[in-house]
Amino acid sequence: MRINAFADVCLRVVMLLTAAPESVTFTSRVVAAEVGTPYNHVSKALLRLRELGLVEALRGRNGGVRISALGREITVGALLRTLDTRTDLAACDTPNGPCPLISGCGLRGALRRAREAFYRELDDLVISSLPHGKANGPVLVELGLVR
């Protein structure tokens with residue numbers, strides 16, 4: 001199973017924000033630089049994460065974004081399920097119309113069940129448990145968050 005690029009960016013963003021102390025905010029440009037993703041992609045991800053209530057945006061001189069309480073508690077499975085907009089994993093259309101095997105095909109159902117099993121496996125993994133101190137130490141030091 002493979003997640004889409006947008007979900008990957010969203011996961012990177014929430015992991016970065018979760019690794020920071022609660023009082024720290026980031027500008028979207030800093031987030032983009034730290035997750036190694038173009039600014040416009042990160043901006044779209046932050047907008048969606050804000051709509052979902054996972055990220056808080058603060059205005060003003062010391063404004064920026066930070067993870068919300070809900071963002072710290074959501075599971076990877078729940079987030080990926082929410083971000084997955086694909087209705088079917090199999091392309092059942094051909095240049096000549098629908099696949100001629102569609103009426104007797106069990107592939108679509110099997111793929112749907114496999115996708116749900118993938119998400120179910122990630123339902124016990126809380127976002128805030130993903131970043132570990134040692135792994136994120138250099139990132140946070142580089143950002144000036146830890147000295």
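Me: What does buried mean for a residue, and is Thr75 buried or exposed?

Reply: Buried means under 20% relative accessible area, exposed over 50%, and partly exposed in between, with a 1.4 Å probe and protein chains only. Thr75 has 15% relative accessibility, so Thr75 counts as buried. This is a predicted model, in which local features need pLDDT of at least 70 and side-chain atom pairs count only at pLDDT 80 or more, while totals for chains, interfaces and linings use all residues. Residues are numbered from 1 along each chain as its sequence is written, and side-chain values use heavy atoms, with hydrogens and water left out.

Me: Which residues are in contact with Thr75, leaving aside its neighbours within four places in sequence?

Reply: Contact means heavy atoms within 4.5 Å. With those neighbours set aside, Thr75 touches Leu122, Asp123, Leu125, Val126 and Ile127.

Me: How many helices and strands are there in the protein chain?

Reply: Helices (H or I, at least four residues) and strands (E, at least two) are DSSP runs, numbered from the N terminus. The protein chain has 7 helices and 4 strands, in the order α-α-α-β-β-α-α-β-β-α-α. Thr75 lies in the loop between α4 (69-73) and α5 (76-83).

Me: What share of the protein chain counts as buried?

Reply: The share is 32% of the 147 residues.

Me: Where do contacts with a separation of 6 or more come from in the protein chain?

Reply: Residues 24 or more positions apart account for 68% of these contacts.
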